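Open the structure in your viewer and keep the selection tool ready.

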Amino acid sequence: MQEFDGLIGQEVLVEQLHHAIQSNRVAHAYLISGEAGSGKRALARAFTEALFCKNRASSPCGECDNCRLIKGGNHPDVTIVEPQGARIRIDQIRALQDKFALRTYGGHWKVGIIVDAEVMTAAAANSLLKLLEEPSGQAVIMLLTTSPSLLLPTIVSRCQTLSLKRIPRARIAAHLENEYGTSAEKAMVIAGLADGSLGQAREIVSGDHLAWRERILTVMTDGEARGLGALRLAATLDGAPEAIEFAMHVLTTWFRDLMLVAKGCSEELVVHQDYLPDLLAESKVYNVLEYQAAVIQIEDTLRAIRGNANRRLALDALLYQIVDLTSLSKASEVYNYGKSGRR
C-alpha cells in the first residue's frame, strides 16, 4: 500500500484510515495527537484528500480538483480552525457549525480541522461538545493537539484517537539522504537533533540551524578562548531571538552527549557524532553531576527568557557559566546548601 504523502513511519495509522474509508466506517470525530512536527497536519490533510478524491484507489491522487483545492486550502467543504492570538474562541466554533449546516459543494463530506485544539476557551470547548453530541450528516471533525490531556474528557471520549509515534532516527536519516541529498554523517546528526520528528528534521535541513549549531559547538570546543567566545555568542543570539530555542536545544543535547560518553554508552546514542573526539576529550575534564547542573541551568535560562527576563543578561550568565562547569557546579552546591540550611 502507498503511504499518504509525507507520512513516514505512521503506517499503522495510514492502514487504519484506509480501512475506515474503504469499509464506510469513517468516524465523525478524530483526535490526532503528537509532538510538534510529528505530522498531525499532514495526516489530517491526507485523510481529507482521501475522503474527497475523485480517483481514489488506496491513496489520494493529488491531481483531481478536490485534491488540488484541499492542498491549496480552498475547498469550500473543508474548514480549518486555528487559534486567534493565543486561543480558539466560541465564534470560530459557531462558524464551523454554520458551515456544517450548509449543503455540500460537490461531494458527500464536510470536514473541520481544529489546530491546537487544547487552546480552546471553555465556551468554545462546550460549543464543540454540543456539535460532537449531535453530528451533522457526513461531517468529520479532526482535533489536532500536542496535549490531549488538556482537552475536556467528554470531548476526548467522543473521538477516535490517533497517536502519531516518534520516527526512528535511522529512518529519518535515510529520508534526508534520499530527499535532500544530505550526507550520511550529517543526516544522522540532524535526525538526532530532530528526536523522532520528521517535520523538525526537514526544518533543520532547510534552514540555517546547522550554521547556528557550528557557532555554538565551536565555542564549546575552544579550550583557549571559551569565555570571550561565550560572550560573543550571547551577543549574537541576543540579536537573533528566533534562534534561541534551537540554540538551547543544541546545548542541552551537547551536555546529554557528554553524560552518555562519560558513562561509556554506545556511539549510536550520541547526537553530535561528528564531534565524538571532542566529546571524548571533554568527558574526562568534568563529572556527570556538572553536566547535569549545566542542563538544569540551560532549562532555567530558557524558562526565564520565555518569561520576559532580560535576554542579554540571561544569555551572558548562562554561556559564561557553562564554558566553565567548575564554577557552575560550585554555585549549584552553594545554592543547594543554602536551601537545605533554611529549614
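The largest cavity holds about 40 Å³ of space. A cavity is a set of points, on a 1 Å grid over the protein atoms alone, where a 1.4 Å probe fits but cannot get out. The volume is the space filled by probe spheres set on the points, joined across faces, edges and corners. This is a predicted model: local features need pLDDT of at least 70, side-chain atom pairs count only at pLDDT 80 or more, and totals for chains, interfaces and linings use all residues. Residues are numbered from 1 along each chain as its sequence is written, and side-chain values use heavy atoms, without hydrogens and water.

Select H28, F100, L131, L132, P135, S136, A139 and I141: they line the largest cavity, each with an atom within 4 Å of a point. Both α5 (122–133) and β4 (139–145) supply at least two of its lining residues. Helices (H or I, at least four residues) and strands (E, at least two) are DSSP runs, numbered from the N terminus.

Next, the largest pocket, with a volume of about 710 Å³. A pocket is an open set with protein on both sides within 12 Å along at least five of seven lines. Select Q200, E245, F246, H249 and R306, the closest to its centre of the 23 lining residues.

Finish at α15. At the start of α15, a side-chain oxygen of N310 comes within 3.3 Å of the backbone nitrogen of R312.

Note on methods
Polar contact = N/O pair within 3.5 Å; in protein donor to acceptor, adjacent residues only side chain to side chain.
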